[in-house]
Amino acid sequence: MPAAFQAPAVVLTGAGASLELPAQVKRLGATVLLVTDRYFASNGLADRFVQALAREGIATTIFSDVQPDPTVRNADDGLRVLRACGAEIVVALGGGSPIDAAKAIAVLATNPGPLSDYAGYHRIPARGVPVIAVPTTAGTGSEVSKVTVITDTERDVKMMMYDANLLPVAALVDFELTLSMPAPLTAHVGVDTLTHGIEAYVSRKANAMTDPLALSCVRLAARNLYTAWSEPDNRAAREAMAMAACQGGLAFSNSSVCLVHGMSRPIGAVFHVPHGLSNAVLLPAVTAFSITGAPNRYADIARAMGLALPDTPDDAAASALADGLEALNRKLNVPRLRDCPGVDSARFERLLEKMASDALASGSPQNNPVVPTAAQTVELYRQAW
Ligand SMILES: NC(=O)c1ccc[n+]([C@@H]2O[C@H](COP(=O)([O-])OP(=O)(O)OC[C@H]3O[C@@H](n4cnc5c(N)ncnc54)[C@H](O)[C@@H]3O)[C@@H](O)[C@H]2O)c1
Ligand SMILES: [Fe+2]
């Protein structure tokens, strides 16, 4: 089957890319809904953008009721504000949560909804209101992806929606906005990025357009994540991680994420563990489980990460990978699943079967080199415990 590669029409990268926001908005209209979270609404950053837009005659309404792991309610509330202000453009400022919320609000404005009708692949009938994404984490890659993840709190499910109609029209990737990330956030979102590169490369939907982006993402993340974590002001490392996040987003959005992401979402939905952290706790065990399905691909990743030499045979290189990922978690102080905040063992035991079944129902695990049974998925959760 032919492979499609879709990306925002404009991807601006480098220091100061976010200062181009007024110019990018002006190409599309004159009224903006700025979707952000409470942190950026109160620390002055959102106001700085509002003022820059105002200088160009652009009127902006701020919607900042977006929580980490945005909910259906956040999207519905944002839609009401969009309708009330009649904005022609949605600007997303923040990490993956405000960007995902903005993408959901934008498609709810032009489609009947509810959002639960759009969970899964290619289910959104019409393009949304144009979205310009300005990421502040490095990161989810949501600024360039066809994906949004919205939590249905009634069912405790993180709904994954994958549709080209979710693609932002422009992404302004300015690493200077990521310099303020504290160390744990840097680690979590950085391992999310690394996981995007790895999963995009081993996915059954990997293709010639996504492979170079995925490997570059893995290489950049392996070389720079620890430095960005331990030296937060290191501009070169921050810039490299922002590029890795953007490349990883382009790669997985046109290939797919796989089993780590499939299993990670139920942990987020049930225990509210941050997305990158739930990926990190699963990554070593899921990688070890999956290697037999694509040993040459996992070997390429081990080499890109510097865990194996160019001439190391595939089997040896691939088996160095799971150990290397475990060691990276230890360096970044990533805890075991049982030690993550909000996780308790009684609830874990009670909900294991549901988590495994929700993971498999999301569709992502079906792209994994080895597709697990429900019992194997339960066993993998136990290994991460
Ligand atoms: N759509 C996609 O393609 C995609 C891919 C991966 C993950 N996601 C989703 O993205 C969400 C997670 O996004 P995230 O990990 O970027 O974090 P986030 O947006 O949830 O933010 C986490 C916290 O970090 C703070 N923060 C963000 N940037 C900061 C900065 N520069 N300095 C200081 N604090 C900052 C936020 O205010 C918030 O309190 C999850 O819901 C996940 O499911 C989406
Ligand atoms: Fe992710």
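In which helix do Asp192 and His196 both lie, and how many residues apart are they? Both belong to helix H6, which covers residues 183-202, and they are four residues apart, about one turn of the helix. The model is predicted, and the values that follow are computed from it.

The iron ion (ligand 2) is coordinated by Asp192 through OD and by His196, His261 and His275, each through NE2, at 2.1 to 2.2 Å. Written along the sequence, the spacing of the donor residues of the iron ion (ligand 2) is D-x3-H-x64-H-x13-H.

The geometry comes next. For four tetrahedral donors, the ideal angle at a metal is 109.5 degrees. Among the four donor atoms of the iron ion (ligand 2), the angles run from 86 to 169°. Four donors count as tetrahedral if all angles lie between 85 and 135 degrees, and the site of the iron ion (ligand 2) is irregular.

Asp192 counts as buried because its relative accessibility is 1%, under the 20% cut-off. His196 has a relative accessible area of 2%, so it is buried.

A polar atom of the His196 side chain lies 3.4 Å from the backbone oxygen of Thr140. Leaving aside residues up to four places away in sequence, His196 touches Gly139, Thr140, Gly248, Phe252 and Val257, together with His261 and His275. His261 and His275 also coordinate the iron ion (ligand 2).

Terms used: Residues numbered from 1 in each chain as written. Chains lettered and ligands numbered in written order. Predicted model: local features only at pLDDT ≥ 70, side-chain atom pairs only at ≥ 80, totals over all residues. Heavy atoms only, no water. Donors = N, O, S within 2.8 Å, 3.2 Å for Na, K, Ca; no water. Tetrahedral: all angles 85-135°; square planar, octahedral: opposite > 155°, others 65-115°. Helix = DSSP H or I, 4+ residues; strand = E, 2+ residues; numbered from the N terminus. Buried < 20%, exposed > 50% of the residue type's maximum accessible area, 1.4 Å probe, protein only. Polar contact = N/O pair within 3.5 Å; in protein donor to acceptor, adjacent residues only side chain to side chain. Contact = heavy atoms within 4.5 Å.
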